[in-house]
Amino acid sequence: MKEVINPPVRNIEDEEYHINIGPQHPSTHGVLRMVVSIQGETVKSLKPHCGYIHRGIEKMCEKDTYQQIIHLTDRMDYLSAHINNHVVCLLVERALEVAVPERVQYIRTIVDELTRIASHQLWWGCFGMDMGGQTCLLYGMRDREKIMDIFEESFGSRLLHSYYTPGGLMGDIHPNFQKRVKEFITYFRKKIHDYDNILTGNVIMQERTKGVGILTKEEAIDYGVTGPIGRASGFSCDVRKYHPYGVYDKVDFKEILGTQGDTFSRYMMRMHEMRESMKILEQLIDNIPAGDYSAKMKAVIKLPAGEYYQRVEAARGELGVYVVSDGNKTPYRMKFRSSSFSNLSALDHMSRGFKIADLIAIGGSLDYVIPDIDR
Amino acid sequence: MNSFFKYFTDIFNGVKSLLKGMSVTGRYFFSPGSIVTQQYPENRKTLKMFDRFKGEVIMPHNEKNQHHCTGCGICANNCPNGSIEIVQDKIETPDGKKERIIDKHIYHLSMCTFCGLCIKSCPSNALSWGQEFEHAVFDRSKLTKILNKPGSSIIKDITE
């Protein structure tokens, strides 16, 4: 007699379902693959898979001289290219104990802040588009274009500038530079009100972001989350305040800290940062001292044997570079501590228990740049 | 009663915030003067790039078909990607000395990352940036360019 085996009853409601977001998905802002385990619509866990745009920049740096490394750092976090250049220049100058002219320091600080505003403008546009507002992208891009024009006139290119060089700058700023920056500040002070009217006060955006993706201060410190995301959680981590470089110790600006640590708090943090950056620009732009645009450097730069670490505040958080030198003209080992990579590690924790639509909002507020994660 | 009141204030505030946003877009909709978009392929004739724009590396020649390049190869050494190749040639000067001159300055535009180290490092300022940016071609070999023009020679006298 044949035995009848009843198949076990499957309770589909309890089962987890895996869904791939990316690698080609507009909300990942690049080629990032996230394996999201969901139950119904609720995110249970999330595994980011990096490496789709890994180019081996750290390894490539080992064959390049210190002047040549600059153009590779542009290609990590391309939205804050100048700040990436700055960190390598600062490291080389500190290792060789070169006194950089004051004019160079002023110009570098101004250009860094312009880069930060441009990066946040693009983020604002993309974040608005993630929330379903196409208008935001167009307005963000329109205002960023003003900064791109300033860059194009002075440094020759719009995105990847390679403008800083160890010891100074590749060339002097354009005669129109100061005039155009002042024009931009008056222009953008008006336009940032539009940003608030369109998106900040919008009821749909507030409903979708308030109380979503909460990261507490302790968790932010544990995950090494820095930049606007860390500050939104109340973690005071501004490198410009704690380890001043350039002329940040001479200007007056506030490090604004949030309390909520949710997506809306991260949004507001970047809006405040744009206003603070404009304040820094206003203090510096009229006071650029005369002088050389570069210190005298040898044609072949050799760092003394040893280990060096330097950090700056990029648009997304702390960017560090660690160099081991054996006394040759190329570094023995180079390691970048990129802010996007550390920030991404907290995404799993932030998105657990929220809906999959909230994941897009949380990811948008993280503002990761994928080439910076993969390098 | 309280929740009933809140229900209507929420609706009112929501509509108010939406209208606030719509007023911004509406303002731009009815003021076409604020449009910043360029009609790119149509405005090609009037489009002028900035003087410092990094379009491509060029070697300026004067009207006598002469340039400044000595063929020393410093630009090729400084290039991070190997996009410059120098082919040298030896000639015999009238007073019997052998001299190295440049035969071909080969520039691979397809490998160039526009970092500007070749231009900055050139001891005789023979290279500079060109403002041409429409580089799209159907054949990749067209992106390899020889920068010194055929039959060109070096500017010997500094006053020339």
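Buried area is the accessible area (1.4 Å probe) that two parts lose on being put together, summed over both. The views below show a predicted model, in which local features need pLDDT of at least 70, side-chain atom pairs count only at pLDDT 80 or more, and totals for chains, interfaces and linings use all residues. Residues are numbered from 1 along each chain as its sequence is written, chains are lettered from A and ligands numbered from 1 in the order in which they are written, and side-chain values use heavy atoms, with hydrogens and water left out.

**View 1. The interface of chain B and chain A.** Together the two chains bury about 2300 Å², of which 56% is on carbon and sulfur atoms. Contact (heavy atoms within 4.5 Å) involves 34 residues of chain A and 25 residues of chain B.

**View 2. A salt bridge across the interface.** A salt bridge is a side-chain nitrogen of Lys or Arg within 4 Å of a carboxyl oxygen of Asp or Glu. The rule finds 1 between chain B and chain A: B:Arg27 meets A:Asp194 at 3.3 Å, N to O. Helix 1 (2-29), helix 2 (74-78) and helix 3 (117-121) of chain B each supply at least two residues of the side that touches chain A; helices (H or I, at least four residues) and strands (E, at least two) are DSSP runs, numbered from the N terminus. Helix 1 of chain B gives the most, with 9 residues.

View 3. B:Asp10 is partly exposed at 41% relative accessibility; buried means under 20% relative accessible area, exposed over 50%, partly exposed in between (1.4 Å probe, protein chains only).

**View 4. B:Lys145 and B:Glu56.** Their side chains form a salt bridge at 2.9 Å, N to O. B:Lys145 lies in strand 6 (residues 144-146) of chain B and B:Glu56 in strand 1 (residues 56-58) of chain B, so the pair ties together parts 89 residues apart in sequence. B:Lys145 is partly exposed, at 26%, whereas B:Glu56 is buried, at 10%.

**View 5. B:Lys48 and B:Asp51.** This salt bridge has an N to O distance of 3.6 Å. B:Lys48 is exposed at 66% relative accessibility, and B:Asp51 is exposed at 60%.
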